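Open the model in your viewer and keep the selection tool ready. We will go from stop to stop, and each stop says what to select and what is there.

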Amino acid sequence: MHSPINGLTFCIHTFGCQMNKHDSERIAGMLEALGALMVETVEESDVVVFMTCCVREAADTRLYGQVASMKNIPLRAESPLSKRVIAVGGCIGQRDGGKLTEALPHLDVVFGTHNLGSLPRLLEAAIEGQGKQVEVLAASSEFPTELPTSREHSWAAWLPITIGCNNFCSYCIVPYVRGRERSRRADDIVREADELVKSGVKEIMLIGQNVNSYGLDSDEGVSFAQLLHRVSQTGIERIRFMTSHPKDLSDALIDEMAHNPAVAPHLHLPVQAGSNRILQAMNRRYTREQYLEKVQKLRAAIPHIGLTTDLIVAFPGETEAEFEDTLSLVEQVRYDSAYTFIYSPRKGTRAAEMPGRIAPDVASARIERLIALQEKITGEVLASMRGEIVQALVEGVSRRRENQLTGKTGRNINVNFNGAPDDIGKMVRVRITGAGSNTLRGEKVEE
């Protein structure tokens, strides 16, 4: 049956986490399967899809501004449509549903996190003049990975192993918009990983809101460490995973990372804060001391591991001394890099009702101090890597130097080096010769 989507152009604007990025690949796959062509800009697009995140207030503001601006961008002259079709999905779509069409009258389609596969049908109805289409389900019967995909790179792939989250950190909206945690069957994950390897994929990123708790909700008896081992047996060259919750980081997982050469020597381990009182208020369910003990175990087992993290400053009631606790923890751990945020209240979360909101000028001063400290540490960490030989997955031509390539090391650090175009998509050995503020410089080591 001919779809009205056939022959149209589309672009996708993606905000937020790796799950949203993976969902966007699935949307691209579904639309391309119906004959649509993906383009880079709104000006070229007949259909624009926004995949949204509602973790921070700025994301809401950004979405409303960008959707509103669509009114002023003319449709391409060759378009078969009379107006551009605009769709909003992801976490804001799940949270707000039909309210979005009231606030943004020119919005055509709203869908949630649990009904990604419905988007083609909803777009078709909107294109055929059946009015605004809103469908937001309370739960999902499918994993996003069971839909068609269109990956950004042929050599790297996302592979979801869980959806949803059971942690209910007091500041986080994710469990309310992504639902309760559900693990995918291990056999299905391994089978898909094997298919990816056979298609030429060199690196697989296992993703979930909390990959460390994989399997706790199922009766299969497969832990995350065991799943890593099984995926590595497909012959994949490199495995990454995120995000990891510190409370569920097991000794078995550390041991698997230490002894499995396919697992990248990198761990993103969000600590969020360095104060025990703040961690308790965040409902993180570990202490500063427990976190540091796990870092010590990781470094003892994998001396060259690269650690990265998430940090929130100005959580309600945070004192200057408690902020200093975060600074001292960062000094002690010495992360390769960190994502830093000023606390953003999210309606519906427990933290949004907490007293002790920090003044904006105090919050800004704190995050500036934190960023300055982390930038200093990052520079020192990168400089210390000079002379090392690393494996880099080559991703393309350097943005700054057209005669150089850029790749990702096992520690997930960008490295620029001289190489040939046919190195793109391959693992190559690179000797580190220097470092910038957040990237490495190197030279290819011939085999």
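Select Arg76 and Asp46 and show their side chains. The two meet in a salt bridge, with N and O 2.8 Å apart. Keep in mind that this is a predicted model. The pair links distant parts of the chain, 30 residues apart. Arg76 sits in the loop between α2 (57-69) and β4 (85-89). Asp46 sits in the loop between β2 (37-38) and β3 (47-52). Is Asp46 buried or exposed? Its relative accessible area is 0%, so Asp46 counts as buried.

Why look for pairs like this one? Side chains of opposite charge can pair when their charged atoms come close. How many salt bridges does the count give? The count comes to 29 salt bridges. We will visit a few.

**Next stop: Arg240 and Glu203**

Select Arg240 and Glu203. Their side chains form a salt bridge, 3.3 Å from N to O. Again the pair links distant parts of the chain: Arg240 is in strand β11 (residues 238-242), and Glu203 is in strand β10. They are 37 residues apart. Both Arg240 and Glu203 are buried.

**Next stop: Glu320 and Arg366**

Now select Glu320 and Arg366. The closest N and O atoms of this salt bridge are 3.5 Å apart. Glu320 lies in helix α12 (residues 320-333) and Arg366 in helix α13 (residues 360-383), so the bridge ties together parts 46 residues apart in sequence. Glu320 has a relative accessible area of 37%, so it is partly exposed. Arg366 has 6%, so it is buried.

Salt bridges that share partners join Glu318, Glu320, Glu324, Arg366 and Arg369 into one network.

**Next stop: Ile377**

Stay in helix α13 and select Ile377. Its relative accessible area is 0%, so Ile377 is buried. Ile377 and Ser337 are 40 residues apart in sequence. How far apart are they in space, C-alpha to C-alpha? The distance is 8.2 Å.

**Next stop: backbone details**

Most residues other than glycine have a negative phi, and most peptide bonds are trans.

Select Met242 and Thr243. Which kind of peptide bond joins Met242 and Thr243, cis or trans? The bond is cis, with omega about 5°. Thr243 is in the loop between β11 and α9 (251-259).

Select Gln272. Its phi is near 75°, a positive value in a residue other than glycine. Gln272 is in the loop between β12 (266-268) and α10 (276-281). With a relative accessible area of 7%, Gln272 is buried.

Select Ala314. Ala314 has a positive phi too, about 65°, although it is not a glycine. Look for it in the loop between β13 (306-313) and α12. Ala314 is buried, with a relative accessible area of 4%.

**Next stop: Asn210**

Go to the loop between β10 (203-207) and α8 (224-232) and select Asn210. Which side chain does the side chain of Asn210 make a polar contact with? The partner is the side chain of Asp248, at 2.8 Å. Asn210 is buried, with a relative accessible area of 1%.

**Next stop: Asn418**

Select Asn418 in strand β17 (residues 414-418). At 48% relative accessibility, Asn418 is partly exposed. Buried residues fall under 20%, and exposed ones are over 50%.

**Last stop: a charged patch**

Select Arg386, Arg400, Arg401 and Arg441. What do these four gather in? They form a patch of positive charge on the surface. Finish on Arg441, one of the four. Arg441 belongs to strand β19 (residues 440-444). Its relative accessible area is 41%, so Arg441 is partly exposed.

Terms used
Residues are numbered from 1 along each chain as its sequence is written. This is a predicted model: local features need pLDDT of at least 70, side-chain atom pairs count only at pLDDT 80 or more; totals for chains, interfaces and linings use all residues. Side-chain values use heavy atoms; hydrogens and water are left out. Patches are made of residues with over 30% relative accessible area and no salt bridge: like charges are joined within 9 Å, nonpolar side chains (Val, Leu, Ile, Met, Phe, Trp, Tyr) within 5 Å. Accessible areas come from the Shrake-Rupley method with a 1.4 Å probe; for residues, only the protein chains shown count as cover. Lys and Arg count as positive and Asp and Glu as negative; His and the chain ends are not counted. The place of a charge is taken as NZ of Lys, CZ of Arg, CG of Asp or CD of Glu. Helices (H or I, at least four residues) and strands (E, at least two) are DSSP runs, numbered from the N terminus. Buried means under 20% relative accessible area, exposed over 50%, partly exposed in between (1.4 Å probe, protein chains only). A polar contact is a pair of N or O atoms within 3.5 Å; within protein, one must be able to donate a hydrogen and the other to accept it, and residues adjacent in sequence count only if both atoms are side-chain atoms.
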